[in-house]
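Biologist: Hey, I'm new to this one. Could you walk me through it?

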Amino acid sequence: MLLLAAAFLVAFVLLLYMVSPLISPKPLALPGAHVVVTGGSSGIGKCIAIECYKQGAFITLVARNEDKLLQAKKEIEKHSINDKQVVLCISVDVSQDYSQVENVIKQAQEKLGPVDMLVNCAGMSLAGKFEDLEVSTFERLMSVNYLGSVYPSRAVITTMKERRVGRVVFVSSQAGQLGLFGFTAYSPSKFAIRGLAEALQMEVKPYNVYVTVAYPPDTDTPGFAEENKTKPLETRLISETTSVCKPEQVAKQIVKDAIQGNFNSSIGSDGYMLSSLTCGMAPVTSITEGLQQVVTMGLFRTIALFYLGSFDSIVRRCMMQRAKSEIADKTA
């Protein structure tokens, strides 16, 4: 009986693997495609632009700092594979005024054609204890990280639906899957991106437009270096439990998943576990992906409980050390 059940399970899994390619989206061809990258002047955004350029895409870089944009343009152009490729730079703050963002996208499409893939990389992070953060910090992070993704996406989505082709990529964070000490302003702005992505995917999927949400871990970028300047001790110790990734590694995975039309893009074993744990009602690209999530959920939840216990222990130790220091200062 057990052998029969095992044989049935194996046959079922093999069937799923055979059927999955039939229901998965057709990969997006990057040669000649127009890719817009916001926040593309540095970090993950610049590396994504380079990766797409290496595959023959035309690139529009969007960021605030014009000098950094021009420097990034020079770096990207070194990776051209033909003399027809173009890197267009446009300076604008994608989080401030929708009409400006819409005009920028129109300019880019007039020069390089309809947008085939939009990558929303513009973002920032500030860490600190909830009561220590200024209210303006919460407003600023929600504006940059959330509205800075809404505005460009809103500007391209109608044309993508009309053409029945397109990819929209949102760069969230592992802090958008798990709330952590010190990220009470940052995490909610990244959690919001996931909600937007899930709702938008349901709207655009019938039009052959696919959404990808990327959840990169700590990555060696200028933004990460800036974030470290304000991190509380607890946040820093929790972050040190995992390694820091290179932006090139993260960019390659995001581009690969976006091309395939995968809804989720994660990096490494921790990223895979987090994505399975937090899948909830998120869409899947294939039946096998859903099956993997179902099978691994219990095991990953068990492992996650140990992680959470470790994080709580770090917070308690820091609190006790701080209390001892305060007592020592008073008695000195």
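Predicted model: local features only at pLDDT ≥ 70, side-chain atom pairs only at ≥ 80, totals over all residues.

Biologist: Got it. Where does Pro-31 lie?

Modeller: Pro-31 is in the loop that runs between helix H1 (2-23) and strand S1 (34-38).

Biologist: Is Pro-31 buried or exposed?

Modeller: Exposed, because its relative accessible area is 61% and the cut-off for exposed is over 50%.

Biologist: And what is Pro-31 in contact with, leaving aside neighbours within four places in sequence?

Modeller: With Gln-55 and Gly-56. As for Ala-304, which is 273 residues from Pro-31 along the chain, the two C-alpha atoms are separated by 41 Å.

Biologist: Switching to cysteines. How many disulfides does the count come to?

Modeller: Zero disulfides.

Biologist: Are Cys-47 and Cys-52 buried or exposed?

Modeller: Cys-47 is buried, with a relative accessible area of 9%. Cys-52 counts as buried too, at 0% relative accessibility.

Biologist: Okay, aromatics. How many aromatic pairs does the structure hold?

Modeller: Five aromatic pairs. One of them is Tyr-272 with Phe-300, an edge-to-face pair with 5.8 Å centre to centre and 90° between the planes.

Biologist: Which helices hold Tyr-272 and Phe-300?

Modeller: Tyr-272 is in helix H10 (residues 268-277) and Phe-300 is in helix H11 (residues 287-331). They are 28 residues apart, and the pair links distant parts of the chain. Tyr-272 is partly exposed, with a relative accessible area of 35%, whereas Phe-300 counts as buried at 12% relative accessibility.

Biologist: What about the rings of Tyr-307 and Phe-311, why is that pair tilted?

Modeller: Their planes are at 55°, so the pair is tilted, and the ring centres are 6.1 Å apart. Tyr-307 is partly exposed at 29% relative accessible area, while Phe-311 counts as buried at 11%.

Biologist: Let's talk pockets. What volume does the second largest pocket have?

Modeller: About 500 Å³. Its lining is made up of 26 residues, with Asp-257, Asn-262, Asn-264, Ser-265 and Glu-289 lying nearest its centre.

Biologist: Which elements give two or more residues to that lining?

Modeller: Helix H9 (247-260), strand S7 (264-266), H10 and H11. H9 gives the most to the lining of the second largest pocket, with four residues.

Biologist: Where are Arg-164 and Asn-208?

Modeller: Arg-164 is in the loop between helix H5 (135-163) and strand S5 (166-171), and it is partly exposed, with a relative accessible area of 45%. Asn-208 lies in the loop between helix H6 (186-204) and S6, and is partly exposed at 33%.

Biologist: Last one: what does Val-204 touch, not counting residues up to four places away in sequence?

Modeller: Ile-157, Lys-161, Val-209 and Val-211. Val-204 lies in helix H6 and is buried, with a relative accessible area of 1%. Val-204 and Thr-158 are 46 residues apart in sequence, and their C-alpha atoms are 9.6 Å apart in space.

Biologist: You mentioned Lys-161. Which ring does its charged end sit over?

Modeller: The ring of Tyr-207, with the charged end of Lys-161 4.7 Å from the ring's centre.

Notes
Residues numbered from 1 in each chain as written. Heavy atoms only, no water. Buried < 20%, exposed > 50% of the residue type's maximum accessible area, 1.4 Å probe, protein only. Contact = heavy atoms within 4.5 Å. Disulfide = S-S within 2.5 Å. Phe/Tyr/Trp six-rings, centres within 6.5 Å; stacked < 30°, edge-to-face > 60°. Lys NZ or Arg CZ within 6 Å of the ring centre and 35° of its normal. 1 Å grid on protein atoms, 1.4 Å probe; cavity = no way out; pocket = protein on both sides within 12 Å on 5 of 7 lines; lining within 4 Å. Points joined across faces, edges and corners; volume = space filled by probe spheres on them.
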